[in-house]
Amino acid sequence: MTNDILKKVLNGEPLDFRDPTFKELFDIQEQNAGFLMKFNNEPSSKIRQELLEKITEQKLPENVKVFSPLKSDFGRHIFLKSGVVINTDCIFADLGGIYLDENVLVGPRTTFITLNHDLRPQYRDIIITKPIHVHKNAWIGAGSIILPGVTIGENAIVGAGAVVRKNVPADSIVIGNPAKIIKRRKH
């Protein structure tokens, strides 16, 4: 059953968090919380890397660097490629999937959110997920917030404190709330 519900959330299918099958996701969150507590209190980078692989349930490239503390509501839907660096105190609400390509840099206190609730009051128990994709060589500045469904293009820069609710084109620099393009790099 767990694989079915995991496929549903990665496919963006709505889920009712009061439905009994959602308990499986709560169980994964509880397990993830234990791994995160160990990760955030572990001084050895080698052991932290092992714990990060338990959190994500993936073999990660050795050159991935994630600094503590790290916060994640789910863990299994964080996908990290070679050369990713995630600075301290970042939050990953990753149920819908967070994909960081090669050499992505993430500044401290960045927040990635892949889920939301249905806007209609009578359906507020429904969770809607949308993945976040950050393409290679992108740099996410400190304190940025990346909202559900956003894609950040290759070589893009998100300025510190930006709230990104729309896709960021490749080779662009965005700043502000809401984030707006201030420059496009030409080749």
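Helix H2 contributes the most to the lining of the largest cavity, giving four residues, where helices (H or I, at least four residues) and strands (E, at least two) are DSSP runs numbered from the N terminus. The model is predicted, so that local features need pLDDT of at least 70 and side-chain atom pairs count only at pLDDT 80 or more, while totals for chains, interfaces and linings use all residues. Residues are numbered from 1 along each chain as its sequence is written, and side-chain values use heavy atoms, with hydrogens and water left out.

A cavity is a set of points, on a 1 Å grid over the protein atoms alone, where a 1.4 Å probe fits but cannot get out, and its lining residues have an atom within 4 Å of a point. With grid points joined across faces, edges and corners, and volume taken as the space filled by probe spheres set on the points, one cavity of 30 Å³ or more is counted, and the volume of the largest cavity is about 40 Å³. Both H2 (23-40) and helix H3 (45-56) supply at least two residues each to this lining, which includes Ile28, Phe35, Lys54 and Arg76. By class, the lining holds four nonpolar, two polar and three charged residues, with Asp, Glu, Lys and Arg counted as charged, Ala, Val, Leu, Ile, Met, Phe, Trp, Tyr, Cys and Pro as nonpolar, and the others, Gly among them, as polar.

Strands pair if DSSP finds at least two bridges between them. Strand S3 (residues 70-72) runs parallel to strand S6 (residues 90-93), to which three bridges join it, and Ser72 lies opposite Phe92 of S6. S6 also pairs in the parallel sense with strand S9 (residues 111-113) over three bridges, Ala93 having Ile113 in S9 as its bridge partner.

Definitions and conventions. 1 Å grid on protein atoms, 1.4 Å probe; cavity = no way out; pocket = protein on both sides within 12 Å on 5 of 7 lines; lining within 4 Å.
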